[in-house]
Structure formats: structure tokens, C-alpha cells
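Here is a short briefing for a reader new to this structure.

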Amino acid sequence: MVKFNIDAAVEIPETHSRGRFPLPSGKTPVQCQFHSPANPTIFFTTSSVSETPEHPYLATASELTAWLDTLPTGDGVRVALDTEADSLHSYREKLCLIQMAVGERKALIDPLGISDLTPLLRYLDNTEIWVHGADLDMTLMKRTFDHIPERLYDTQVAARLAGERQFGLAHLVEHSFGVTLSKQSQRADWGKRPLTPRMIEYALNDVHFIIPLADRFLTRLREHGREPWFLESCADARLSVLQRPPPDPEEQWRISGSGALKPQGLHYLRAFWRWRDKEAERIDRPSFKIISNDELIAFAQGMQEGKEPVLPSRYPPPFHRRFYKVFKEAKAAPESEWPRRPNRRRVERNPDAERRFDQLKGKRDRLGTELNIDGALIASRAALETVAQDASKAGELLLNWQRELLHV
Ligand SMILES: [Zn+2]
């Protein structure tokens, strides 16, 4: 078990408002900047890899259960949670790390090393989970465990409903606590082992501030009577992830920019997209690293104009061979196999609905200004368009608090 220590608290003297600062001997300074010297704060730093049991890296099932056994459980226990994946580095994105903080205690859990995480899920089900920007984390949990803990709350949603317009974790932490988080490991390959001390530090920082942020925004939400909005929004976000259909393999190649192509261009785009997908799978890299969407669209566009694609010379010969094989086959395919352009629903003009839409949108925007929140939180433009056409759709498109505000 690798252990490390993140709690060596360092009082930052006012003179060190920015940049590195002296630390007790043996500690590695964290790469962060402090913007609020007037606000006396205690910060933490990591020693690179030291032997303290406080914040363990749990790489086996027995380590995990032993650690979980020492944690408080039940109602009222709040867990800050974050996950890291390898979407920038592999063909099939996978859950690579789970970070947890319960009170002062933190751990990194290795889902690549522990095949059965049932004890963790059981623990999480009995607590209150807080995540920042939970959509990706919930998506990974659904894919990996086919399960998302029921009481899962998102500090990002809380921040937005409390009126924050910039709601990334780094921004909120800086704004609320005067700490600049390092972004250095954001794009790291979380599927690699061992994790570097810098990645460990980054991963632990991601859960360090979540509960303090939750408290801050919950207080504001309660003051404004918006806690019920928040609870309903979180429950709905969780359900939408659980119910989100998987991507349709027959339609996945319709990448952004494809809407402007004619059937001939779509035909080549589909062929090139499938070539890219196979290459990505072959070398286990994300497909954007093989070739960009823009380049694929340009190839397809070129074919419509009679310009044959030229694969840049940076690709090794086998890539070229397979690409031109796919290209030849696409060229030989009969027109009857060309895909259709997407059916554009022809919406007949409906002056009554347009008037209702204008009214609803006006109301939404006024409410947004009055409440000092982004109007899109109250209702999306698309939802308002549909409701203006058919008021009976409000129930499925809007949450209760949104409908109450809009009186629909
Ligand atoms: Zn993270």
C-alpha cells in the first residue's frame, strides 16, 4: 500500500501572497497560488510519498474493506467523491480512480486493481454523496457498476442555483477560499500505474474542497428558499443519466458538421468515420487522436466536390493501406447505399405558439434577472418552444420548481 500525507498544514504568512512558499523541511511545495493574503487561511501541502495511514491508496479488496470499516456510516455522513477516467488516452474510456473524503479522511481507490467494489457501493448507498459536476462521474458509475447512489448531490448545481455564473471547481475554490488549484494533472493518463505524486496530490485536492463548497452554497440556497429546487434538480440529473440511451452505432458517425453534407458526402463520412474508429480500437487510443472530426468532414466535403482525400504522410503505411481500401470500397458502393440526410421536421408556422413562446421566454428571462440566476436553469429554449406548441408537455420537460416559477 502506498501512503501519503496531505495534511501538513501550512500557515501562509501575508508576505507570501503568490507563488511558492517555504515549507517545513521534507515537504514538497504544492504548485498553487494564493490570492487572498488578507484572508488568513491554512493550506495543506503534500509530502511526495510518505508513510501515514491517513490518506491511503487502496489497491486491493481487503485494503478497501478494512478502510471502509473504520469510517462513520449512516444518515448525516457526507462523502465528497470524485472520479478520474482515461478518456483522453484510450479507445474505451474507463473508470481509473475514485477519490473519497469523509471528514478529514481521504483515500484514493483503485478500481483497476479491485475487481469487486460492492463494499464501496454499499457504503456509498448509506451516506450522502457530494460530487462537483457529477454528470461524467455518474456516467462512469452507471457504465462500471450499473448503479448510482441515490443520495448524490452536485455542488456545481448548487453553485448555479445560488447564482454563480462561473462554476468550475477551480474557479469556485479560488473564489471561495483563495486557493488556486493546479490543473497540471487534468489531462494525465489516469489508467497508468503507479500514479505520480503530483497526480495523487491533484486527485486528493479534487475532493478536499467539495464539502466546504457544499456548505457554502447550501446556506445560500436555504436563505433563498431554493433548497427544494436543488434537491429536485439533483434527483432528476441522476435519473437522466440512468435512463440515457447508449449511442446508436448506426448513427454515431453523424458528427457535428455532418448536417451540411449531401448524401454522397455522408456516405464517405460514414466510411471514413468507421475507418477511424477501427484504427482507434486497434491501437487503443481515443478516435480524435487518429484524425480530427474537422478533417473527416473536409474529406467528405471534398468528395462531394470531386476532390479525393489525401491522408497526411504522418500516418504509417498500414494506416494508409487500410484507409485507401475503405475509400475504394466506398467509391464502388452503389448510390442506393448512401445514407439519408436527417429528416428535418418541417414545422408549420403557428402564430399562436410563437406568441406563447415569446411570452414564456420573456417571463423566463425576467425571472432569471430577478432571481439572479441563468435563465437557462429555469427552462431551456427548446423546452419553451415545445411547451409553447403543446402545454401538456410541460410535465415531462420541466421540473416542478420550474413549472411553479413559470406558471405552466
Ligand atoms: Zn477529478
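Leu64, Thr65 and Leu68 in helix H1 meet Pro119, Leu120 and Tyr123 in helix H2. Two residues are in contact here if their C-beta atoms, placed from the backbone, lie within 7 Å. By class, the contact of H1 with H2 has 5 nonpolar, 1 polar and no charged residues. Ala, Val, Leu, Ile, Met, Phe, Trp, Tyr, Cys and Pro count as nonpolar, Asp, Glu, Lys and Arg as charged, and the others, Gly among them, as polar.

This is a predicted model: local features need pLDDT of at least 70, side-chain atom pairs count only at pLDDT 80 or more, and totals for chains, interfaces and linings use all residues. Residues are numbered from 1 along each chain as its sequence is written.

**Whole chain**

- The protein chain has 16 helices and 9 strands. Helices (H or I, at least four residues) and strands (E, at least two) are DSSP runs, numbered from the N terminus.
- Of its 408 residues, 31% count as buried. Buried means that 20 or more other C-beta atoms lie within 10 Å of the residue's own; exposed means 12 or fewer, and partly exposed is in between, with C-beta atoms placed from the backbone.
- Among contacts with a separation of 6 or more, 68% join residues 24 or more positions apart.

**Helix H1 with helix H2**

- The axes of H1 (residues 61-69) and H2 (residues 118-125) come within 9 Å and cross at roughly 20 degrees. H1 is therefore roughly parallel to H2.
- Axes are lines fitted to C-alpha atoms, for helices over the stretch in contact, and angles run from 0 to 180 degrees between N-to-C directions.
- Angles under 35 degrees count as roughly parallel, over 145 as roughly antiparallel, 65 to 115 as roughly perpendicular and the rest as oblique.
- H1 passes H2 in a left-handed crossing. Left-handed means that the near helix is turned anticlockwise from the far one by less than a right angle; clockwise is right-handed.

**Helix H3 with helix H8**

- H3 (residues 134-145) and H8 (residues 227-243) pack at about 40 degrees, with their axes 10 Å apart. The two are therefore oblique to each other.
- H3 passes H8 in a right-handed crossing.
- H3 brings Ala134, Asp135, Met138, Thr139 and Lys142 to the contact, and H8 brings Ala237, Arg238, Val241 and Leu242. These residues divide into 5 nonpolar, 1 polar and 3 charged.

**Nonpolar cores**

- The largest nonpolar core has 60 residues. Such a core is a set of buried Ala, Val, Leu, Ile, Met, Phe, Trp, Tyr and Cys residues joined through C-beta atoms within 7 Å.
- Met100, Ile109, Trp130 and Ala158 have the most contacts inside the largest core. Strand E6 (residues 95-102) gives the most to this core, with 7 residues.
- Apart from this core lies another, of 17 residues, among them Ala271, Ala300, Phe323 and Ala330.

**Backbone details**

- Most residues other than glycine have a negative phi, and most peptide bonds are trans.
- The peptide bond from Arg193 to Pro194 is cis, with omega near -5 degrees. Pro194 is in the loop between helix H5 (169-177) and helix H6 (197-208).
- Asp146 has a positive phi, near 55 degrees. Asp146 is found in the loop between H3 and strand E9 (152-154).
- His407 also has a positive phi, of about 55 degrees. His407 lies in the segment after helix H16 (400-406).
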